[in-house]
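Here is a short briefing on an annotated site, for you to read alongside the coordinates.

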Amino acid sequence: MKFAKYQPTVTPDLPDRQWPNQRLVKAPLWVSVDLRDGNQALANPMTVEQKLKLWHELVKMGFKTIEVGFPSASQVEFDFTRRLIEENLIPEDVTIQVLVQAREHLIKRTYEALQGVKQAVVHVYNTTSIVQRERVFEKSKAEIKAMAEQGALWVKNYAQAAQQQSPVSQFIFQYSPESFSQTETAYAVEVCEAVMDVWLPTPENPCILNLPATVESTSPNRFADQVEYFIRHLPNRASALISIHTHNDRGCAVAAAELALLAGADRIEGTLLGNGERTGNMDIVTLAMNLYSEGIDPELNLSNPDEWMAVVEEVTQIKTHMRHPWVGEVVYTAYSGSHQDAIRKCLLKQQADEPWQVAYLPIDPKDVGRDYEAVIRVNSQSGKAGAAFVLEQEYGLKLPKWLQIDFAPVAQALAEKQGGVISHKNLYQAFLIHYALTEKKPNISNYQIGKAGEMETIRLDYEQQILEGRGKGTLCALCDAWQNSTGQVVDVLDYAEHAMHEAMDVGKNARAMAYVLLDVDGQKKIGLAMAEDTVSAMLLAVLKGLN
């Protein structure tokens, strides 16, 4: 590992930086670049039909600016742009954006693609970084700045010509000093100021200055310093929207964008799920959900990830990682017993009208279309709470703690036998079998319960014998009846009952569930039963426990 041949990126010295003291209170202006930057990074670029499918999904999700392509770069990009315009597929509140290099013939071709558009952002760029100036273009700072000025002039002149042909067309100008992250920040300010002098934007009609980390080459805090320095030193700041476009070479694209917003940026470009060149673009979903988790409206509809993720995966041919932030298949899933126990307890206490406070779950998974079955999955690492949670969520079984402890080894043994996660159906079947809930015995042909003062009496026909007893309540009377018949001393240690869940399919007429923990001559016994009513369930549960 020859680390000595690398050196840190030079960033401005900003000892009085203000961004660490700021807090985000609203969403930025979002720009999806899935159809351009994301498409550019694919081994098999999207067809026009695939781009249309993703376009409709992006519009549905609420994006108001969508970069649709590089129409001067290929016929597919050109044709897609034309189709959106000619077939009137662009909603009134949505603006398309196109990218073009600062070259005249490419800018001319771009405006041909935009003919008749109602509103579009024309995004022009040229590189400004040290390594590109010196080793790729072999040009001085003055020459690079002149390229930017000339590109800006071409963009402006061709826009005027396009508007003469189609007066309904409105154009917004955007400039990127490509590789801003590797450009001297003061020089980036100088170049952007020169571009603004060509376009003459105003606060009422601002231009867009996009600051890309084309290659992420420093830590997010240093990038935020670059952005804050740029904004503080830019003349006529009120006439420019500051946009950020970060890549993920260091794995910090989202963090860099989030801190750049604290530094004063207005607008964020990125892709769904982070698809892009090399390690990817800034992931809009992650940043938007970060804001959502702090109570900020992201102004995007991400509530149905299974729908839009399927489209993204189809057109990109890239499978979403199971642990992708916020929307991965298992990001809300707990296998650990202690985690499951904490989640279950918090969910039981969570009230609908209070702020979300559930251990290990930063948001309610239901907000993004996930049910609670996916939150806790039972495997060999799970404890008592995991199986209890799944049985309650799927079947309405409210297991007392002593029953959770008793059933946990059964669930663990099943997980070890099957290997991996137990489905809720297999877990439920194991529960029914272990506690003999599918068996018809014991058999009570009939019973009578009466009241004599403070005492209750019971008489029942059980397995061809008559049991009679009395006590303070039905349970006590039944235990007394058993002791009278068998001589065994019976105490009820705990009892619980509840109405049955619709999904429970044992017995068409079963409506109640009962659980009882008994002490029979010093030995603990457990009984569970389902029946048409709570009293019958209670009697059956006790008799099953006694057997």
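**A buried histidine and its site**

H247 has a relative accessible area of 3%, so it is buried. Keep in mind that this is a predicted model. UniProt, in an unreviewed entry, marks D37, H245, H247 and N281 with the feature "binding site". These positions are spread over 245 residues of sequence, yet they cluster in space, with a largest C-alpha distance of 10.6 Å.

**Around H247**
- Look for H247 in the loop that runs between β7 (240-246) and α9 (253-262).
- Not counting residues up to four places away in sequence, H247 touches D37, A213, T214, E216, A253, E277, R278, G280 and N281.

**Around D37**
- D37 sits in helix α1, which covers residues 34-40.
- Is D37 buried or exposed? D37 is buried, because its relative accessibility is 2%, and the cut-off for buried is under 20%.
- With neighbours within four places in sequence left aside, the contacts of D37 are H245, H247, G276, E277 and N281.
- One of these partners, H245, also has its side chain in a polar contact with the side chain of D37, at 2.9 Å.

**The annotated domain**
- UniProt lists residues 28-306 as "domain: Pyruvate carboxyltransferase", again from an unreviewed entry.
- That span is 45% helix and 19% strand.

How values were computed:
Residues numbered from 1 in each chain as written. Predicted model: local features only at pLDDT ≥ 70, side-chain atom pairs only at ≥ 80, totals over all residues. Heavy atoms only, no water. UniProt positions renumbered as here; feature names shortened; annotations may be inferred. Helix = DSSP H or I, 4+ residues; strand = E, 2+ residues; numbered from the N terminus. Buried < 20%, exposed > 50% of the residue type's maximum accessible area, 1.4 Å probe, protein only. Contact = heavy atoms within 4.5 Å. Polar contact = N/O pair within 3.5 Å; in protein donor to acceptor, adjacent residues only side chain to side chain.
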